[in-house]
Amino acid sequence: MAELTYRCPLQCPYCSNPLDIANYGAELDTEHWLSVLTQARELGAAQLGFSGGEPLVRKDLEVLVESARSLGFYSNLITSGVGLSDQRVGALREAGLDHIQVSFQSSDSELNALLSGSHKAFEHKLAMARSVKAHGYPMVLNFVLHRHNIDQVDKILELCAQLNADYVELANTQYHGWALKNREALMPSEEQLGRAEAVTNAYRKQHGEAMKIYFVIPDYYEQRPKPCMNGWASMFLTVAPDGAALPCHSARDLPIAFPNVRDTPVRDIWYHSEPFNAYRGNDWMQEPCRSCPEKDIDFGGCRCQAYLLTGDARNADPVCDKSPHRERIDEALLQANHYRQEPSPMLFRNMANSRDLISSDTNSSDIITSDTAGD
C-alpha cells in the first residue's frame, strides 16, 4: 500500500489516518516512490494500492502508475473521487492503472455533505463513478457504514444499481484513528446492524450476482477477531507518506519506531527490522492466545486494537470472547445499544487549506465550500 499523502480535501470523522498528521515529516518525492516500487517488486510484491489521504492530490500519480505497470504490478486507486475528472480517468487508464475504487459517504447529498464537509462532492462523485465505468473499468464502490447512514442500506444499494456497479463494499466502520475518537457517535446499534444485514441479504437473493456485495461486520460485534492482515508482517506492507514502513496502515497507533524507506532498503525492513519481526509467528503471544487452537487462524487478532484498548499490543484482541479484556468491547456495545434521542457530536478531521489540495484538473470552488470544518 502506497499511502502517497495524508492531505485530503474532505473531513470524514472515521478517517483512518493518524490524528496528529501535522507532526509527520515531508512526503516522499517522486524519485523516492519510484525506488520504493522497484524494491518492493523485486522483493515479490504483486499488488499495489495507491491510497492516502486523497492520492489524487499528488500531481505525479500518473507517473507512479506508469512505473507500476512497467514493473508488473496490478495497481488499484482508492479515492474519494474529489480531484478526479474524466480527462484524468483517461490519463490513468492510459498510464496502466488496473482498478479504481470510489468511496461515498451516503446515498444522498445532504448526509454526504455533513460527513465530508463538501456540499457539492456528492454530484461530482456520481459523475466520476460513471466516468470510471465509461473508461472500461469495473465500477467498484465503497460505503463506510456507521450509525448515521446504516439505515440507508436499501437506498445505498438502489443507488449502486442505478450506477450499474459491479462490486459494492458495505464496510462497517472499524475503530482506529478518527473513528476511535468518534466511536460513541459512529457505532451502530445491534438492531441497526441486523436490519442492514437482512436488507443486504434480501437484495442478494432478489438480484443474484449481477452486483457483487460485500458486507463487513464491525469487529466489535464479532466473537472472534479477524485474522488482521493475515498476521503481522505476513503479506502486507504499507509505506506512509513520510516514508515510514508499516505492517498495516494503522500501525502508527503503536509506540514503535518504525523503519523508514529513506534510509533503509525495503528488503532489510521486511526481513530484518525489529518492528516487522515484533509480532510475527506466535512466540510473542501471551495467554490465552499462546495455547489457543485457533492461534494459526486469527493470529491473535489486531495488534493495534489490542494496544488501543488494553495498552499492551501483546494482549489478545479484546474482540475475542476468550480475551480477559473483552469487557472493553462489551462496554462499548452497551453504550452503542443504549437508547439516545440525540446522537453524540462528531469531531471532524481538520480541513484547513483544503482548497489548495484539490488537483488542478478540478475547479476547487465546485467541490469545497469552506476552508475549515469541525474540530
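1. Let me start with the cysteines. The count of disulfides comes to zero, a disulfide being a pair of cysteine sulfur atoms within 2.5 Å. Cys160 takes part in no disulfide, and the nearest cysteine sulfur, in Cys12, is 17 Å away. Cys160 is also buried, at 0% relative accessibility; buried stands for under 20% relative accessible area, exposed for over 50%, and partly exposed for what lies in between (1.4 Å probe, protein chains only).

2. A word on what you are looking at: this is a predicted model, in which local features need pLDDT of at least 70 and side-chain atom pairs count only at pLDDT 80 or more, while totals for chains, interfaces and linings use all residues. Residues are numbered from 1 along each chain as its sequence is written, and side-chain values use heavy atoms, with hydrogens and water left out.

3. Cys228 itself is partly exposed, with a relative accessible area of 23%.

4. Now to the annotated cysteines. An unreviewed UniProt entry gives the annotation "binding site" to Cys8, Cys12 and Cys15; UniProt positions are in the numbering used here, feature names are shortened, and annotations may be inferred rather than shown by experiment. Cys8 sits in the loop between strand S1 (2–3) and helix H1 (30–43), and is buried at 14% relative accessibility. For these labels, helices (H or I, at least four residues) and strands (E, at least two) are DSSP runs, numbered from the N terminus.

5. Cys12 is found in the loop between S1 and H1 and is buried, its relative accessible area being 12%. Setting aside residues up to four places away in sequence, Cys12 touches Gln105, Leu115, Trp178 and Arg349, where contact means heavy atoms within 4.5 Å.

6. The unreviewed UniProt entry also lists residues 1–209 as "domain: Radical SAM core". In the model this span is 45% helix and 15% strand, and its end C-alpha atoms lie 29 Å apart.

7. The axes of helix H6 (residues 153–162) and helix H9 (residues 190–207) come within 9 Å and cross at roughly 35°; axes are lines fitted to C-alpha atoms, for helices over the stretch in contact, and angles run from 0 to 180 degrees between N-to-C directions.

8. Which residues of H6 and H9 meet? Val153, Asp154, Leu157 and Ala161 of H6 meet Ala196, Val199, Thr200 and Tyr203 of H9. The residues of this contact divide into six nonpolar, one polar and one charged. In that sorting, Ala, Val, Leu, Ile, Met, Phe, Trp, Tyr, Cys and Pro count as nonpolar, Asp, Glu, Lys and Arg as charged, and the others, Gly among them, as polar.

9. For your backbone checks, please look at two cis peptide bonds. The bond from Gly52 to Gly53 is cis, with omega near 25°, and Gly53 is in the loop between strand S2 (47–51) and helix H2 (61–71). The bond from Glu287 to Pro288 is cis too, with omega near 10°; Pro288 belongs to the loop between helix H11 (274–277) and helix H12 (295–298).

10. Positive phi values come next. Ala233, not a glycine, has a positive phi of about 50°; Ala233 lies in the loop between strand S7 (212–216) and strand S8 (238–239) and is buried at 3% relative accessibility. Phe299, likewise a residue other than glycine, has a positive phi near 55°. Phe299 is placed in the loop between H12 and helix H13 (303–310), and is partly exposed, with a relative accessible area of 22%.

11. Finally, is Leu246 buried or exposed? Leu246 counts as buried, at 1% relative accessibility, and lies in strand S9 (residues 245–246). Beyond its neighbours within four places in sequence, Leu246 is in contact with several residues, including Phe236, Leu237, Phe258 and Phe276.
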